[in-house]
Amino acid sequence: MKQSRALIHTLREVPKDADVVSQQLMMRAGMILKLAAGIYDYLPLAYRSIQKLQQIVREELEADACQELLMPTVQPAELWQESGRWQFYGKELLRFKDRKDGDFCLGPTHEEVITDIVRRTVKSYKQLPINLFQFQGKFRDEIRPRFGLMRGREFIMKDGYSFHVNNEDADREYWAMFNAYKRIFNRVGVKFRSVEADSGAIGGSFTHEFHVLAGSGEDAILSCDSCDYTSNIEKTECPTLKWGYPSEAMLELKRAHFCTPGIIAMEDQARAFKDENHDGLPLDHASKFYLYRVTKGEDTWDVGLVIRSDHEPNLVKFRNFLMADSIELVPIEEAENISGTKSGFIGPIEIDVPMYADNSLDGAYNLTCGANKTDYHHFGFKPDRDLKQFKGFFDLRMAIEGDACPRCNKGHFQAFRGIEVGQVFKLGTKYSESMGCTYLDADGKESPMVMGCYGLGVTRTISAIIEQNYDDDGIIWPWPVAPYHVHLLCLDPSNNEVMEVAEKLEKVLEAGGIEVLVDDREGLSPGVKFKDADLLGFPLRVVVGAKGLKDGIVEIKNRRTKEVIKVIPDELLDSILNLRSRIMQELEDAKGR
C-alpha cells in the first residue's frame, strides 16, 4: 500500500480532549476520529488492527466448535420485558420508539436476542450443546464517556453464548471458553490477568474477567504472591483479622464531649480520647458508620454498615449479600434528620435499622463512633453488644494490598491496575427460565437450558494493547495485530533508482507474506518520515535511500528494541522473516509472565 494513497493524517500535537495515551496516540496516528462524545470513526489503520484481532478470536473460538452469526443492533422492548431487564438495566439502555409507536432499544448486549433465537430453533437435547458468537457494534449510553475507545458509548464487541442440558456441561464449556480467552490474549501479545469478578447487570452464578495490565487501567486487581488467586478488588475475599488487644480492659459504652469538640475524623477521635486509663486509642479502634438505602424490586429499606476506619466499604459485596438490585447512601440531609445531628457525628447505636459489621470487627471492643449529637462521640463501642438490630459480622470491606491471602493462607496480595477487555459468565437459567428457552430430554421432559455468556471488547482491547505498548515516540505494535508489519520509507521518491528499488522490495516482501506500507510521499524530509514511522509504530522499519543504495544496502530498524541492521536488498526478505521469527518467539516466551 502506498502511503500517498492512504487515508493517514498524522498530528504533531496531542489533541486537547484526549485523556489517555491510547486515545492520544490513535488520534495523532490518524487511526480514529471523534464524531461525538464516546463515538469514534475507525479509520483504515485502526480497522486493519480490529480485523486482525477479530480473526485471532474467530480462529480460537472455531477451534472449540463455536459458530459465528450476526444479530440485529435494534432490539424490541418485548424481549427485554420478558427477561425483566427493560427497567432494571437503567439509563445506559438507549430506548426509542419507531413510527408505529413501538418500543425498541439499541443493543448494549444480546442475551435476550440469542435466547429468542435458540428457543425458536432448538427443541431437543440432541441439538445441545451449542455455542454461538458474533462481532457487532454495541451502544451503551455512558453518563461520562472517556478514555477514547476504553470507555466509549459505541464500540465493537465479540459476544458469545452457549446453551446446555445441565450445569456440568455448562461448567465444561465455561472453562473451555476461559482457556480460549487465555489463548487469544497470549496470541495478541499482551500481559494480562484472569480475575474472579462480579457478574453485574448481566447476571450469573460465577464469572472471570480478563484484564490487560496497564497503569491507566480503571480496575484495581489484587493477586496473591504465593498462589493463583487473582480477583477484581470488588470481588476479592478479605482475610479474617484477629482483634489485637485481648489484654485490654473492656470499657462500658460512654458518650464523651470533653475531649472531642470539633473533631470529625474517626482517627482523630481515637487519638484524642482520654480517661483515667487511656491517653489516646490505637487507630484500629476507630470505626466508621454508613447508612445505606437498599432497593429490591418494589421494596426499599435502610441498613447500616460499620467498618474499621482504615478500611473502605465494598458495595458490590454488600449488594450481593443482601441480594439487592441497588444500594446507595441515604442522602445526607435525610441521614441528618434520621440521626438528629449533622454529618460527622452520625453513629449507629441509636439508629433502629438492620446493622451489619465487617469481619475485621469480629471480637472488637473499645471502638469509637459518632453519638448522634454534635461534638459528641461514643467510646467503648462493641457492635454485637450495643446495636439494636445487629445482624452479624460479614466480609463487607475492600481488600487491600498486603492483606493475607484467605485461599492459601501463605501469600499476600499485590496490587495491579487493569483494563477489563473480556469476561466469561456462567448465566445458569436466568434468561432461559424467564423467556421459556427449553428443551425436551430423552424422556420427553421439558427443562430450561443452562446458559453461558462470553464477551470480549474488540475496540477496547486494541486500545489496551496500545496502553501497554508505547514509548515517547509513539505506538509499538505487537506483530499479530499491527496494521502493517513493515513501514518501508522511500526517502527520495523523485529519484527513479530509489523508487524502483522500493517498489521491487515491496513486491518481494508482500509475496513473502509481509504486509507493507510504503511511504512514497514527496516533498517531506527524512526526519518527518522517521517521526511518522515511529508514531505509527509498525514492528519493522525499512529505509531505502540514495546514500544507502550507493553503498549497496538498505536499513532495517526494530521498533521495539531500536536495533538497526544493514543488509543488501536481495537479503531483505530473509532478514525480515528471521526478525519475524525472533519477534514471535519472544512473544511465545512471554506467555504467562
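Which residues of H1 are buried? In this predicted model, they are Ser22, Gln23, Leu25, Met26, Met27 and Arg28. Helix H1 spans residues 21-28, and six of its eight residues are buried, so the rest of the structure largely encloses it.

Lys317 belongs to helix H8, residues 315-322. Its relative accessibility is 12%, under the 20% limit, so Lys317 counts as buried.

Aromatic pairs number 20 across the whole structure. In one of them, the ring centres of Phe192 and Phe210 are 6.4 Å apart; the planes meet at 40°, so the pair is tilted. Phe192 lies in strand S9 (residues 192-196) and Phe210 in strand S10 (residues 206-213), so the pair ties together parts 18 residues apart in sequence. Both Phe192 and Phe210 are buried. Tyr229 and Phe413 also form a tilted pair, because their planes stand at 55°, with ring centres 6.0 Å apart. This pair links distant parts of the chain, 184 residues apart. Tyr229 sits in the loop between strands S11 (219-224) and S12 (230-232), while Phe413 is in strand S21 (residues 413-428). Tyr229 and Phe413 are both buried.

Phe192 and Phe210 also belong to one aromatic cluster with Tyr174, Trp175, Phe178, Tyr181 and Phe185.

Charged side chains also meet rings. Arg95 lies over the face of Trp86, 5.0 Å from the ring centre. The charged end of Lys430 is placed over the ring of Tyr431, at 5.4 Å from its centre.

Definitions and conventions. Residues are numbered from 1 along each chain as its sequence is written. This is a predicted model: local features need pLDDT of at least 70, side-chain atom pairs count only at pLDDT 80 or more; totals for chains, interfaces and linings use all residues. Side-chain values use heavy atoms; hydrogens and water are left out. Helices (H or I, at least four residues) and strands (E, at least two) are DSSP runs, numbered from the N terminus. Buried means under 20% relative accessible area, exposed over 50%, partly exposed in between (1.4 Å probe, protein chains only). Rings of Phe, Tyr and Trp (its six-membered ring) pair if their centres lie within 6.5 Å; planes under 30 degrees apart count as stacked, over 60 as edge-to-face and the rest as tilted. A charge sits over a ring if NZ of Lys or CZ of Arg is within 6 Å of the ring centre and within 35 degrees of the ring normal.
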